[in-house]
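Please examine the sequence and the model shown below. The paragraphs that follow lead through several of its parts in turn.

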Amino acid sequence: MLSQPLQIRFLEKRRYTIYLSIFLVLSTFLSVLLHGGLNYGIDFRGGTNVQIRFDSEPDLNQLRDLFASQGYDSITLQTFGAEEDREILLGLPIDSSLGTGESLTTNLQKILQNANTQPEIRRIETIGPKVGDELKEDALLAVLIALGLVLLYISVRFQWRFGISAVVCLLHDVLAVVGVFSLFDKEFNLTIIAALLTVVGYSLNDTIVVFDRVRENLAKFRKRETEELLDLSINETLSRTLLTSATTLFVVIMLLLFGGEIIHDFAFALFVGILVGTYSSIYVASPIFLMLQEKAPPKPATPSNTELTQESQ
């Protein structure tokens with residue numbers, strides 16, 4: 001922790017950071033539009049997952065080339081479980097000519113025999129397009145409910161200006177992560193939804209720490225300007241914010257480097273979310289709160305409600 005709080009004037013640069021945030025959000029919509037939508041995984045667009053075990057460690061690049069040579073470019077391959085399990089997860093689109101059920105098993109075994117290996121088809125799981133659509137709607141609903149509960153909680157716990165600022169901040173973070181996935185054309189599936197909800201929780205925690213200090217300082221220094229109090233509050237909590245973000249990032253980077261294919265995209269979403277969440281708790285939430293405070297200032301304290309406020313504290 002810092003022995004003396006810094007005196008950085010964060011809000012002084014808010015015009016530029018707001019432009020940057022608007023650019024990030026617009027880039028997300030533009031990227032999704034240019035890509036014709038997100039690159040949905042089988043969870044959302046429907047398809048078949050096949051879990052296959054090999055008698056030796058599978059080479060994914062070799063297998064991709066093998067399937068491509070047979071005309072199956074649209075499959076996805078990733079390792080599954082621990083390395084010693086020697087298993088992969090093969091994803092097929094819903095309209096794959098490899099078929100389903102027994103015909104799929106037969107066709108896969110014929111293709112994989114060319115790789116001089118003995119595959120064991122351990123599990124076949126098919127998700128229809130209707131189920132995929134329902135999962136997509138449920139995932140969107142889960143994110144919206146989470147944001148709605150955040151708005152309700154902060155509005156009751158603090159005040160509505162804090163609540164709206166926090167929700168806009170969280171929406172900004174979610175859209176930024178979605179935008180990065182769209183930009184790199186990475187697969188968007190239920191695992192990424194779980195990562196987005198984790199980012200919402202992380203970013204909210206960071207924002208509440210700053211807002212809690214803002215509320216304390218608003219009550220303590222009533223004659224100071226709101227912008228000055230926001231800068232003071234961010235500086236007072238900055239060391240905590242940076243330490244939390246840095247230690248969390250170390251863990252996420254380890255997951256990215258050594259966590260394996262299964263959780264790579266989950267860790268990547270967390271990595272982007274933590275960076276954006278740290279930025280937004282300072283440069284998005286606070287400027288929006290300041291704008292709301294200026295556009296709709298709270299009623300001046302009267303002797304009666306001042307006493308009530310002090311009693312409630």
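In which helix is Y19 found? This is a predicted model, and in it Y19 belongs to helix α1, which covers residues 14-34. Y19 counts as exposed because its relative accessibility is 55%, and the threshold for that class is over 50%. A second residue, G259, stands 240 residues away from Y19 along the chain. The C-alpha atoms of Y19 and G259 are separated by 36 Å.

The surface also carries charge. E57, D59, D65, E83 and E84 gather there in a patch of negative charge. One of these residues, E57, is placed in the loop that runs between β1 (47-53) and α3 (60-69). E57 has a relative accessibility of 54%, and therefore counts as exposed.

Another loop, between α6 (160-183) and α7 (190-220), contains D185. The relative accessible area of D185 is 44%, so this residue is classed as partly exposed. The backbone of D185 deserves attention as well: its phi is near 55°, a positive value in a residue other than glycine. For comparison, most residues other than glycine have a negative phi.

The last element to consider is helix α9, formed by residues 264-283. From its first C-alpha to its last, this helix of 20 residues reaches 28 Å, close to the 28 Å expected at 1.5 Å a residue. Is α9 mostly covered or mostly uncovered? Helix α9 is mostly covered, since 14 of its 20 residues are buried, a term that here means under 20% relative accessible area.

Methods. Residues are numbered from 1 along each chain as its sequence is written. This is a predicted model: local features need pLDDT of at least 70, side-chain atom pairs count only at pLDDT 80 or more; totals for chains, interfaces and linings use all residues. Side-chain values use heavy atoms; hydrogens and water are left out. Patches are made of residues with over 30% relative accessible area and no salt bridge: like charges are joined within 9 Å, nonpolar side chains (Val, Leu, Ile, Met, Phe, Trp, Tyr) within 5 Å. Accessible areas come from the Shrake-Rupley method with a 1.4 Å probe; for residues, only the protein chains shown count as cover. A salt bridge is a side-chain nitrogen of Lys or Arg within 4 Å of a carboxyl oxygen of Asp or Glu. Lys and Arg count as positive and Asp and Glu as negative; His and the chain ends are not counted. The place of a charge is taken as NZ of Lys, CZ of Arg, CG of Asp or CD of Glu. Helices (H or I, at least four residues) and strands (E, at least two) are DSSP runs, numbered from the N terminus. Buried means under 20% relative accessible area, exposed over 50%, partly exposed in between (1.4 Å probe, protein chains only). The expected span of a helix is 1.5 Å times one less than its number of residues.
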